[in-house]
There are 2 protein chains.
Amino acid sequence: MRTISILGATGSVGASTLDLIRRNRDEWRIVALTANCNVTQLAALAREFGAEIAVVGDETCLAELRMALAGTGIEAAAGAKALCEAAARPVDLTVAAIVGCAGLAPTMAAIEQGGTIALANKEALVSAGDVMTAAVRANGATLLPVDSEHNAIFQCLQANDIADVRWITLTASGGPFRTWSAERIAAATPAQAVAHPNWDMGAKISVDSATMMNKGLEFIEAYHLFPVGLDALRIVVHPQSVVHSMVEYRDGSTLAQLGPPDMRVPVASCLAWPKRMETPCQALDLAAIGELSFFAPDENLFPATRLARDAAHAGGAAPAVLNAANEVAVAAFLAGKIGFTKIAVIVEQALNRDIGVAPASLEEVLAVDRLARLRANEVLESC
Amino acid sequence: MRTISILGATGSVGASTLDLIRRNRDEWRIVALTANCNVTQLAALAREFGAEIAVVGDETCLAELRMALAGTGIEAAAGAKALCEAAARPVDLTVAAIVGCAGLAPTMAAIEQGGTIALANKEALVSAGDVMTAAVRANGATLLPVDSEHNAIFQCLQANDIADVRWITLTASGGPFRTWSAERIAAATPAQAVAHPNWDMGAKISVDSATMMNKGLEFIEAYHLFPVGLDALRIVVHPQSVVHSMVEYRDGSTLAQLGPPDMRVPVASCLAWPKRMETPCQALDLAAIGELSFFAPDENLFPATRLARDAAHAGGAAPAVLNAANEVAVAAFLAGKIGFTKIAVIVEQALNRDIGVAPASLEEVLAVDRLARLRANEVLESC
């Protein structure tokens, strides 16, 4: 029996993880489940799985959580500090699936206890890349990527030497606006942006898919996870989202991982690694799918991948600024405050205001993140 | 420095192997090079690479070979027995690339010396599957598949447990007649059948691609190389020949190997295994390729895969009969004696004449093969 904590248990990655654990109940004991503010669902999951502790990020929800768990013996806690304390409890596997930079401190706490971290929180790795990878090394932790693209790359690298890699190619669906005109994209609504053609995901990542910033963040994430250098990383648009990513070796062999658009596939890969487990995911029928297509990204219509690549090349605070500005801009877009194409404009303007410091600790990353959000809000106001 | 022998040095796999060795001359010492009757090229290669021995299958060529190698100190030999003796010389790696059942005895001799065998001679494994895999086990030899499809599967299985495999999918180009009508296929000429759309190969294997018997033989080859059972093996038509084959695991992950239609890629995989070596093969540019398509095989127009699957299910002598009858029929087609669609008819009729014995040794396989050729010739005469 292995122990597991799920940071972000009520999101889509959390749901995929719990679906698989539900099918293999005798193999797992759940230590911590966390959520931002969805108390009802968090309490129901904590009860169902007999968690040791349930934590909400939003402190105003604590009383409600305590009530929902009354009589169960399950601990209830709330707030940023409680999230980190729960994440620090020793477990075999932590699923780090909090969305955005909010997941950074809990993920770092999980890394510091030295177990295996299934990382779905790409923003944390983008903002704190060097700090986080240094902590992984220092604490003897193991990072397993949950993102379907990075999980694909991770699978394609098994039994191979990373020194033999010629190219790593991230595939991108191109999002819901791939075939739209510039005019139509400029007028896109939040509802249109959230309607992803292939994946059923949360609002923030769906908007990131529509701007292609999701791929930009994944580009930086890949840079930290797979040390092949920025010049060996590429992006190709693949609307069917069947090929999740690829690794080309110096002998001319390319290995690719393919599968249905079901997060249970990469989550299962992390849960069972280095073995494999049964999932109910549908088998791949390429004859039924018929056609897989591939295009070069259009960085005029979708500048986010260019911004992310530039930020990765610049290094220092730039990736944290990119991510913070993007989070601010996406929230403003979802709130109806700015148009769709303004998201990239705000990110670019925020990147142009150089913060000029390379964050060297979690605290510095968080300070850079706060500063970048203020800058992004200033840019936003002036838009 | 590693030692290598190449059985079938003047064919396309032999040429790919020697091209790679030529780029890494200080890493390899060549023991034996063999050919059927191309004395000029064999002697030139033996001289260039300083082989220990050169052998021609055709005994009438011995005098010419001796003359071509005079004064070099390279041994010259000829005939079936000499091929086996040369193959039996201990080496680190044997490339078994003789086409057809003619390669069976030399390949078995190489297996019996217990080294690593890079197997390109699919017909040998089809005819002598159980006998050959038993010899591999008994002699502690290692089989590495050279066929691009099986090499792809082999790569996709690394670091995985074959018990976790749900499906192995062989891709097939569909050959030059994939989009032709039944009438046009019936009138196809040898020149049309040999003109493969993607791969530059020998005449026999090109015709096998046109009939889809190549995929049928590969189906049986895969059955022997990868013990997942016949019901877990599938074929999908993929005209671009970019995805060389795939393995789907029980968690829903499919791993695929992709690459250019260049035999140096799988050969390099075998030469460097379990590492990788540099090749000059072109990088994969999927955005430039644009589209990969997949179809279910049409076994009415191309019955060969059905015949091969039935032969594999029947077991015993059936695969050897299938292969022998196919070799006879393809030779008759190339000689202009029969029409294209008669190839499958002859194979099917030969299979219907049950030989009723499961060959249990190399000698019995060869006897079954001889008998099957006689039967196939009888069928051929009555066509």
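**Figure 1. A:Glu378, a partly exposed residue with a relative accessible area of 42%, in its salt bridge with A:Arg353.** The model is a predicted one, in which local features need pLDDT of at least 70 and side-chain atom pairs count only at pLDDT 80 or more, whereas totals for chains, interfaces and linings use all residues, and side-chain values rest on heavy atoms, with hydrogens and water left out. Residues are numbered from 1 along each chain as its sequence is written, while chains are lettered from A and ligands numbered from 1 in the order in which they are written. A:Arg353 is likewise partly exposed, at 36% relative accessibility (buried means under 20% relative accessible area, exposed over 50%, partly exposed in between, with a 1.4 Å probe and protein chains only). The two side chains meet at 2.8 Å, N to O, a salt bridge being a side-chain nitrogen of Lys or Arg within 4 Å of a carboxyl oxygen of Asp or Glu. Because A:Arg353 lies in the loop between α16 (342-352) and α17 (362-382) of chain A and A:Glu378 in helix α17 of chain A, the pair ties together parts that are 25 residues apart in sequence; helices (H or I, at least four residues) and strands (E, at least two) are DSSP runs, numbered from the N terminus.

**Figure 2. The salt bridge between A:Glu299 and A:Arg309.** The closest N and O atoms of this pair are 2.8 Å apart. A:Glu299 belongs to the loop between β12 and α14 (304-314) of chain A and A:Arg309 to helix α14 of chain A, so the contact ties together parts that are 10 residues apart in sequence. A:Glu299 counts as partly exposed at 21% relative accessibility, and A:Arg309 counts as partly exposed at 26%.

Figure 3. Over all chains, the count of salt bridges comes to 47.

**Figure 4. The interface of chain A and chain B, with 44 residues in contact from each chain.** Contact here means heavy atoms within 4.5 Å. The chains bury about 3500 Å² between them, 47% of it on carbon and sulfur atoms, where buried area is the accessible area (1.4 Å probe) that two parts lose on being put together, summed over both. A:Arg250, A:Asp251 and A:Arg276 supply 21% of the area that chain A buries against chain B, more than any other three residues.

**Figure 5. Polar and charged pairs across the interface of chain A and chain B.** Among the 5 salt bridges found across this interface is that of B:Glu278 with A:Arg250, whose closest N and O atoms are 3.6 Å apart. There are also 30 residue pairs in polar contact, both residues at pLDDT 80 or more (a pair of N or O atoms within 3.5 Å; within protein, one must be able to donate a hydrogen and the other to accept it, and residues adjacent in sequence count only if both atoms are side-chain atoms).

**Figure 6. Strand β12 of chain A paired with strand β12 of chain B.** The strands, of which β12(B) spans residues 291-293, run antiparallel and are joined by 3 bridges, pairing being assigned if DSSP finds at least two bridges between two strands. B:Glu291 is the bridge partner of A:Ser293.
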